[in-house]
Amino acid sequence: MRLLVVEDEKKLAMSLKRGLEADGFAVDIALDGTDGLWMATEHPYDAIVLDIMLPGINGYQLCGQLRDAGNWTPILMLTAKDGDLDEAEALDTGADDFLRKPFAHVVLVARLRALLRRGQPERPVELVAGDLRVDPAQRQCRRGDSEIELTSREFSVLEYLIANVGDVVSKRDMLDHVWDYDFEGDPNIVEVYVRHLRRKIDEPFGTDSIQTVRGSGYRLIETSS
Ligand code: CA
């Protein structure tokens with residue numbers, strides 16, 4: 001199993017390398033984001049351990065660029081202590097898991113082994129409902145010939161709706177799948193995102209694809225402009 005560790009604190013990078021090698025992994029180190037992206041692109045790693053704050057490009061950008069390029073190598077992101085926002089962001093940009101610094105080596109190894117067992121997710125295919133098309137790998141959304149710009153969270157909400165096209169999904173389902181498992185904020189946040197989405201994917205095209213199912217949730221149906 002070959003790992004890439006992208007970490008700019010040299011001492012930490014070296015101790016990670018020594019520790020992981022002692023656990024039987026082959027480990028390459030990149031000390032900045034630019035090198036990390038290049039190495040991750042050039043070599044087939046089984047998993048990547050990725051720090052967020054890096055010189056060059058940061059961990060979020062690195063992760064986003066790899067996913068945009070269709071690279072689905074499992075990524076474990078290292079987040080700062082008490083970094084709740086970091087963690088939401090980490091999952092939003094396509095990381096598979098995160099670990100809060102400082103961490104125990106045994107925990108790191110356990111989480112890596114769990115990621116490796118899950119293996120590389122298959123590249124998702126394009127999702128279609130009428131003339132609405134969502135490409136999760138490229139993070140692109142189109143209706144007919146028009147490309148629609150969505151924020152990362154809007155995209156995730158739409159991706160979940162279109163993956164369940166024709167079925168009612170509850171706000172709770174959406175919170176569980178799109179936000180993280182510990183989300184304890186106001187569930188009405190879902191309504192806000194649905195409203196934004198309607199303004200982007202329906203209103204300009206005269207379609208009405210996101211239906212409100214009273215008391216239950218929402219349903220995306222096939223419509224064409
Ligand atoms: Ca750092």
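**Between the domains**

I looked for salt bridges between domain 1 and domain 2 and got a count of 0. For me a salt bridge is a side-chain nitrogen of Lys or Arg within 4 Å of a carboxyl oxygen of Asp or Glu. I'm working on a predicted model, where local features need pLDDT of at least 70, side-chain atom pairs count only at pLDDT 80 or more, and totals for chains, interfaces and linings use all residues. Residues are numbered from 1 along each chain as its sequence is written, and side-chain values use heavy atoms, with hydrogens and water left out.

I noted the bounds next: domain 1 is 2-119 and domain 2 is 127-220, taken from an automatic or database domain assignment. Domain 1 gives 6 residues to the contact and domain 2 gives 8, with contact meaning heavy atoms within 4.5 Å. I read off 29 Å between the C-alpha centres of the two domains.

How much area is buried between domain 1 and domain 2? I found about 550 Å², with carbon and sulfur atoms giving 38% of it. Buried area is the accessible area (1.4 Å probe) that two parts lose on being put together, summed over both.

Then I checked which elements of domain 1 touch domain 2: α3 (59-68) and α4 (84-92) each supply at least two residues. The largest share, 3 residues, comes from α4. Helices (H or I, at least four residues) and strands (E, at least two) are DSSP runs, numbered from the N terminus.

**The calcium ion**

Which protein atoms are donors of the calcium ion? I found D8 (OD), D51 (OD) and M53 (O), at 2.1 to 2.3 Å from the ion. Donors are N, O and S atoms within 2.8 Å of the metal (3.2 Å for Na, K and Ca); water is not among the atoms, so sites may look incomplete. D8 sits in the loop between β1 (2-6) and α1 (10-22), and D51 in strand β3 (residues 47-51), 43 residues apart.

**Around K101**

I counted 14 salt bridges by the rule. One that I looked up joins the side chains of K101 and D51, at 3.0 Å from N to O. K101 lies in the loop between β5 (97-100) and α5 (105-118) and D51 in strand β3, so this pair ties together parts 50 residues apart in sequence.

My last stop was the peptide bond from K101 to P102, which is cis, with omega near -10 degrees. I noted that most peptide bonds are trans. P102 is in the loop between β5 and α5.
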